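Good morning, everyone, and thank you for making time for this. I would like to walk you through one structure, slowly enough that anyone who has not seen it before can follow on the screen.

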Amino acid sequence: MTMVIALGLAMALFLLSVGLHLASLGVGHRWLARRNDFAVKLAISLLVLLSHLLVVTLFATGFGLGVEWGLGTFAGTQSLGWMDHFYFSLVTMTTLGLGDIYPTGHLRIIAGVEALAGFVLISCSAQIFWSMMHEQHSQDG
């Protein structure tokens, strides 16, 4: 039963993360369509960063809930607090995966789904940066 709960939590976090990130990118595309200057590009870059950090925060919260619900724990650290969950979520989302803290039990499912989400969301973010650079190149040429 704990595996089903972990899968449900992972899917909910994935869907919520994708929805929030795509909404943020939509805002960025609308800004870019209205005005394509350096200040807007910096604002969009900050928006993308904040969106990724929000997703990391969502998954960190999910890890905290998972520990609380008995889905698993983390190894590699003595005391695990909010910052450890955030740190683990950040290195997992970026697929860096340092391995100094690692999940046990069914929390591994959530970590795997987060890595997949990170790959997808970073790819989506790359598209808006490509759009900004492509538009600039078109204006220069």
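I will begin with the overall layout, then turn to the core, and finish with a few individual residues.

Please keep in mind throughout that what you see is a predicted model. The protein chain contains 4 helices and 2 strands, and if you read along the sequence, these elements come in the order α-α-β-α-β-α. Taken along the principal axes, the C-alpha atoms fill a box of roughly 55 × 25 × 20 Å. The chain has 141 residues, of which 37% are buried, and its accessible surface comes to about 7800 Å², with 71% of that belonging to carbon and sulfur atoms. If we take the contacts between residues at least 6 apart in sequence, 76% of them join residues that are at least 24 apart.

Which residues have the most contacts inside the largest nonpolar core? They are Phe59, Phe63 and Ile110, in a core that has 23 residues. The elements giving two or more residues to this core are α1, which spans 2–34, α2, at 38–68, α3, at 82–93, and α4, at 107–140. Apart from this core lies another one, of 7 residues, among them Leu32, Val40, Ile44 and Met132.

To stay with Phe63 for a moment, and not counting residues up to four places away in sequence, its contacts are Phe74, His85, Phe88, Ser89, Leu107, Ile110, Ala111 and Glu114.

Let me move on to helix α4, where you will find serine 131. Is serine 131 buried or exposed? Its relative accessibility is 14%, and it therefore counts as buried, the cut-off for that being under 20%. Once neighbours within four places in sequence are left aside, serine 131 is in contact with His29 and Leu32, and Leu32 is one of the residues we met in the core of 7 residues.

Next, the charges. Side chains of opposite charge can pair when their charged atoms come close. In this model the count comes to 1 salt bridge, in which the side chains of aspartate 37 and arginine 35 meet at 2.7 Å, N to O. Aspartate 37 has a relative accessibility of 27% and so counts as partly exposed, and arginine 35, at 47%, counts as partly exposed as well. For the chain as a whole, the mean positions of the 5 positive and 7 negative charges are 11 Å apart.

Finally, two threonines. Threonine 2 lies in helix α1 and, at 32% relative accessibility, counts as partly exposed. Leucine 71 is 69 residues away from threonine 2 along the chain, and yet their C-alpha atoms are separated by 5.9 Å. Setting aside neighbours within four places in sequence, threonine 2 is in contact with Gly70, Leu71 and His106. Threonine 95, in turn, has its place in the loop between α3 and β2, and although it is not a glycine, it has a positive phi of about 60°.

That is the tour, and I am happy to go back to any part of it.

Terms used. Residues are numbered from 1 along each chain as its sequence is written. This is a predicted model: local features need pLDDT of at least 70, side-chain atom pairs count only at pLDDT 80 or more; totals for chains, interfaces and linings use all residues. Side-chain values use heavy atoms; hydrogens and water are left out. Buried means under 20% relative accessible area, exposed over 50%, partly exposed in between (1.4 Å probe, protein chains only). Contact means heavy atoms within 4.5 Å. Accessible areas come from the Shrake-Rupley method with a 1.4 Å probe; for residues, only the protein chains shown count as cover. Lys and Arg count as positive and Asp and Glu as negative; His and the chain ends are not counted. The place of a charge is taken as NZ of Lys, CZ of Arg, CG of Asp or CD of Glu. A nonpolar core is a set of buried Ala, Val, Leu, Ile, Met, Phe, Trp, Tyr and Cys residues joined through side-chain atoms within 4.5 Å. A salt bridge is a side-chain nitrogen of Lys or Arg within 4 Å of a carboxyl oxygen of Asp or Glu.
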